[in-house]
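Reader: Before I use any of the labels, I would like to see what each one rests on. Please set the values against the definitions.

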Amino acid sequence: MVRVSVVCCLKLLLLLALGGVTMHVPDAGVLAPLRLDGYLSFHDVAAAARDFGNRCSLLPAAVLHPGSVADVAAAVRRVFQLGERSPLTVAARGHGHSLLGQSQTAGGIVVRMESLGGGARMRVHAGGAGADAPAYVDAPGGALWINVLHETLKHGLAPKSWTDYLHLTVGGTLSNAGVSGQAFRQGPQVSNVNQLEIVTGRGDVVTCSPEENSDLFYGALGGLGQFGIITRARIALEPAPKMVRWIRVLYSDFASFTEDQEALISAERTFDYIEGFVIINRTGILNNWRTSFKPQDPVQASHFQSDGKVLYCLEMTKNFDPDEADIMEQEVGVLLSRLRYIQSTLFHTDVTYLEFLDRVHSSELKLRAQGLWEVPHPWLNLLIPRSTIHRFATEVFGNILKDSNNGPILLYPVNRSKWDNRTSVVIPEEEIFYLVGFLSSAPSASGHGSVEHAVSLNDKIVDFCDKAGVGMKQYLAPYTTQQQWKAHFGARWETFERRKHMYDPLAILAPGQRIFPKAS
Ligand code: FAD
C-alpha cells in the first residue's frame, strides 16, 4: 500500500518553491483578463493549501472566488482552451475537509466554492400534497449542509440523509457519498438528489438528472470531482422532526452488538438513526469528542465500570413531536426490549433535531479552544462486508489496536439496496456492509499520539484486510496511483475512465485525487 507521506508532500512543496510555482504563475495569469462577477486572487493563496487532514500542502497559483456559476465555467473553459500544453489544473474546494490534499492543486487554480454557497442562493420548494410534488431544495454546490438545514427548517422541512458533521459542503459530500446513521433507511446523500447542475471539464454548464444527461448525473455522484464541478444540487426534503430521543447502550459482546444493529436496520418499524462505536481505551465512554451527548443520568454514566474490556456502543435516535412524546416512549420501549445490551447501560437525552444533527460542531468548538482541532488527522474509513466483520473485529480490536488508538472508532451497518449502483461510489458486494471509521487525531510529534504511529496502525489494518481477503473497500480513499484506483474500482473502472474522457478529457479537474494525471 503506497501512501502520500508527509515527506512526499514536503518534496512537492520544495519543488514548487524551487521553481514550480513561478513556472506556473504565468499560466494562471492567462485567467486575469477574464471578465468575472467575482475575482481571482494570486496572493493570499496559502489557505487553499491546507485541509482537515493537515498532512499535505500544495500551493496553488491562484484562487478563484466566483461570483457566479458563469465565473466557474469561464475559468474552466479558459484552462481547457489552453489545451495539453498547459500544466494548469482546477480544484474545486468545498470546506477543505479532505484528508490528504484531495481539494488542492500544485500550481493550479483552486475554486473556492463557498463563495457561491450563501443562503440567498438557496431555493426551497415546499411541494404539494401527495407524491407527485415532493419537496426539495436547490442548493449551491458550495453551501454548507448546516446552512441548508437552517434554510429548509424555515419551511418546516429538512433533507433526509446526513453526514455526522454538517460543516461540509453539498458538492464535497456528494462527490464522495455522504453517509451517516440515516443511510440504512434513506440511503446515503447521493441517493437523495434529484438533479445537478455541473460545470464539466470543457467549461460547459450542464443540467443533469436521472432523466436528462443521466450518465453525467450518476457519474458525478460519488465521482470524486472527476467529471465536473457541482454548482447546484436539487436535494429531496421531508417534514423536519421537532425533537429527538437520543439513546446510547453498551455491549461487551461483539456478536450481540452487531446482531442487534443488523436486526434494527432490517426491521420495518425501527429507529430513525442507527450508528455505533467501539470503545477501546475506556476514556470518555459517553462523551467522546464527536458528540455533545449529555445523558439524563450523568452520574450513573460516569461511574460505569468496563473492567478493562473493549466495549461497543449502539447509538440510536427516535424523532418525535413533543405533543406525542408518550407514543414515542412506547415505541422506543418496544424496540429496546428486543436488544441485548448490558441492562445498566441505557443512557438517553432529548434534544431538538437541529441540536442532534449539529452535534459534532459543539465538540469542534471545544477542541478548537484547546488547539486540538487543527492537528493532523490520519483517518481511515473502510467498508467491510457483513460476512467478514467478525474476523475483522477479532484481529483489529483484539490484536492490532489492543490498547492503542487515538480517536473515535465508528462501526455501523447499512443496506446496499439503498445505494444506487449507477453512481460512481464503490461499495462491497453484500446486501449488508459496515462503515468502520478510525477517526484518529495526531497531536504529538512522536510516540502514541503521532502521525507515524497512527499511520502504522492504519497500514496494519489495511494489510490485514488485503491478506485475509476481507473484501474491504475504502471510503474517502487516499490512493496515489492509477493502479491502486483501478483495483479500487474493479469492474467499474472502464465506466469511470470512459466518463473521464467524455467530460474532462484533458484531466483538468480534481487533480488532488491523483487518479488521472494531466498530460503536459
Ligand atoms: P472538500 O474536502 O473541499 O472536497 C472534497 C473533494 O471533492 C475534492 O476532490 C474536491 O475537489 C471535490 N469537490 C469539492 N466541491 C466540489 C464540487 N462542488 N463539485 C465537484 N467536486 C467538488 N463523510 C461522510 O460521508 N459521513 C460523515 O459522517 C462524515 N463526517 C465527517 C466529519 C468530519 C469532522 C470531517 C472532517 C469529514 C467528515 N466526512 C464525512 C468526510 C467528508 O464527506 C469529506 O471531507 C468531503 O470531502 C466533504 O468535505 P468538503 O465539503 O470540505 O469538500
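Reader: Which residue in E4 is the bridge partner of valine 63?

Author: The partner is valine 110. The model is predicted, and the bridge is computed from its atoms.

Reader: What makes strand E2 and strand E4 a pair?

Author: Two strands pair if DSSP finds at least two bridges between them. Strand E2 (residues 62-65) and strand E4 (residues 109-112) have three bridges, in the parallel sense, so they meet the definition.

Reader: How many bridges join E3 to E4, and is the sense parallel or antiparallel?

Author: E3 and E4 run parallel and are joined by four bridges. With a threshold of at least two bridges, E3 and E4 therefore count as paired. In one of these bridges, valine 90 has isoleucine 109 of E4 as its partner.

Reader: What span is expected for helix H2, and what span does H2 reach?

Author: The expected span is 1.5 Å times one less than the number of residues. Helix H2 covers residues 69-82, which is 14 residues, and 20 Å is expected. From first C-alpha to last, H2 reaches 20 Å, close to that expectation. After H2 comes glycine 83, with a positive phi near 70 degrees.

Reader: Which residues of H2 are called buried, and why?

Author: Buried means under 20% relative accessible area. In H2 the label goes to Asp71, Val72, Ala73, Ala74, Ala75, Val76, Val79 and Leu82, so each of these falls under that cut-off.

Reader: What classes make up the lining of the largest cavity?

Author: The lining has 25 nonpolar, 20 polar and three charged residues.

Reader: What makes the second largest pocket a pocket, and what lines it?

Author: A pocket is an open set of points, with protein on both sides within 12 Å along at least five of seven lines. The second largest pocket holds about 480 Å³. Its lining has 22 residues, with Ala47, Arg50, Arg93, His95 and Gly96 closest to the centre. By class, seven are nonpolar, seven polar and eight charged. Domain 1 (6-113 + 501-513) and domain 3 (243-475) each give at least three residues to this lining.

How values were computed: Residues are numbered from 1 along each chain as its sequence is written. This is a predicted model: local features need pLDDT of at least 70, side-chain atom pairs count only at pLDDT 80 or more; totals for chains, interfaces and linings use all residues. Side-chain values use heavy atoms; hydrogens and water are left out. On a 1 Å grid over the protein atoms alone, a cavity is a set of points where a 1.4 Å probe fits but cannot get out, and a pocket is an open set with protein on both sides within 12 Å along at least five of seven lines; lining residues have an atom within 4 Å of a point. Grid points are joined across faces, edges and corners, and a volume is the space filled by probe spheres set on the points. Ala, Val, Leu, Ile, Met, Phe, Trp, Tyr, Cys and Pro count as nonpolar, Asp, Glu, Lys and Arg as charged, and the others, Gly among them, as polar. Domain bounds come from an automatic or database domain assignment. Buried means under 20% relative accessible area, exposed over 50%, partly exposed in between (1.4 Å probe, protein chains only).
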